[in-house]
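Colleague: I have a new model open on my screen and would like to learn how to read it. Could you take me through it feature by feature?

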Amino acid sequence: MAKFVCLCGHVISTSGLIPNPDEWRCLSDQDFESFTGLIDAEDLYRETKIMYRCPASGHLWVYWRGFDQLPAVYAPTELPEGWQTSTPPR
Ligand SMILES: [Zn+2]
């Protein structure tokens, strides 16, 4: 089973359970615009970037350039008390 160790020490599996509870997929809005009408889920899936979210720390490991390149790692940040977003989500 393929796996890696998060910065927090938690082990994240990249294979095994299907669907993988730690694996997420993302797609830019611009790339999504190339799809129209009814689409095949597999076609959409192939266009997505793979990322893993550590269930222990919340770190995001994003493989922007594919699995054969190192991922970018993002850590959650505490927002200042009273913080409000100025633009509500759609
Ligand atoms: Zn972690």
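Predicted model: local features only at pLDDT ≥ 70, side-chain atom pairs only at ≥ 80, totals over all residues.

Colleague: Where is Ala2, and which residues is it in contact with once its neighbours within four places in sequence are left aside?

Modeller: Ala2 sits in the segment before strand E1 (3–5). Leaving aside neighbours within four places in sequence, Ala2 is in contact with Thr14 and Ser15. The C-alpha atoms of Ala2 and Ser15 are separated by 5.5 Å, although the two are 13 residues apart along the chain. Ala2 still counts as exposed, because it has 9 C-beta neighbours inside 10 Å.

Colleague: Now the whole chain. In what order do the elements run from the N terminus on?

Modeller: The order is β-β-β-α-α-β-β-β. That makes 2 helices and 6 strands in the protein.

Colleague: What radius of gyration does the protein have, and what would a compact globule of 90 residues have?

Modeller: The protein has a radius of gyration of 16 Å, whereas a compact globule of 90 residues would have one near 12 Å. The C-alpha trace spans about 45 × 40 × 25 Å along its principal axes. As for burial, 4% of the 90 residues count as buried. Of the contacts with a separation of 6 or more, 35% are between residues 24 or more positions apart.

Colleague: On to the strands. What is the general idea of a sheet, and which strands form the open one here?

Modeller: In general, the strands of a sheet pair through backbone hydrogen bonds, either parallel or antiparallel. Here 4 strands form an open sheet in the order E3-E4-E5-E6, with antiparallel pairing. E3 and strand E6 (72–74) stand at the edges with a single partner strand each, so one side of each has no neighbour in the sheet. Neighbouring strands of this sheet are turned by 25° against each other on average, direction ignored.

Colleague: How many bridges join E3 to E4, and which residues are partners?

Modeller: Strand E3 (residues 23–26) and strand E4 (residues 49–53) pair over 4 bridges, in the antiparallel sense. Arg25 has Ile50 as its bridge partner in E4, and Trp24 has Met51.

Colleague: And what joins E5 to the strands beside it?

Modeller: E4 and strand E5 (residues 60–63) run antiparallel and are joined by 4 bridges. Across that pair, Tyr63 in E5 is the bridge partner of Ile50. E5 and E6 also pair in the antiparallel sense, over 3 bridges, and Trp61 has Val73 as its partner in E6.

Colleague: Ile50 keeps coming up. Which residues is Ile50 in contact with beyond four places in sequence?

Modeller: Those are Glu23, Arg25, Tyr63 and Phe67. Ile50 lies in strand E4. With 17 other C-beta atoms within 10 Å, Ile50 is partly exposed. As for Leu38, 12 residues away along the chain, its C-alpha atom is separated from that of Ile50 by 23 Å.

Conventions: Residues numbered from 1 in each chain as written. Pairing = 2+ DSSP bridges. Rg over C-alpha atoms; globule rule 2.2 N^0.38 Å. Buried ≥ 20, exposed ≤ 12 C-beta atoms within 10 Å, placed from the backbone. Contact = placed C-beta atoms within 7 Å. Axes fitted to C-alpha atoms, helices over the stretch in contact; angles between N-to-C directions.
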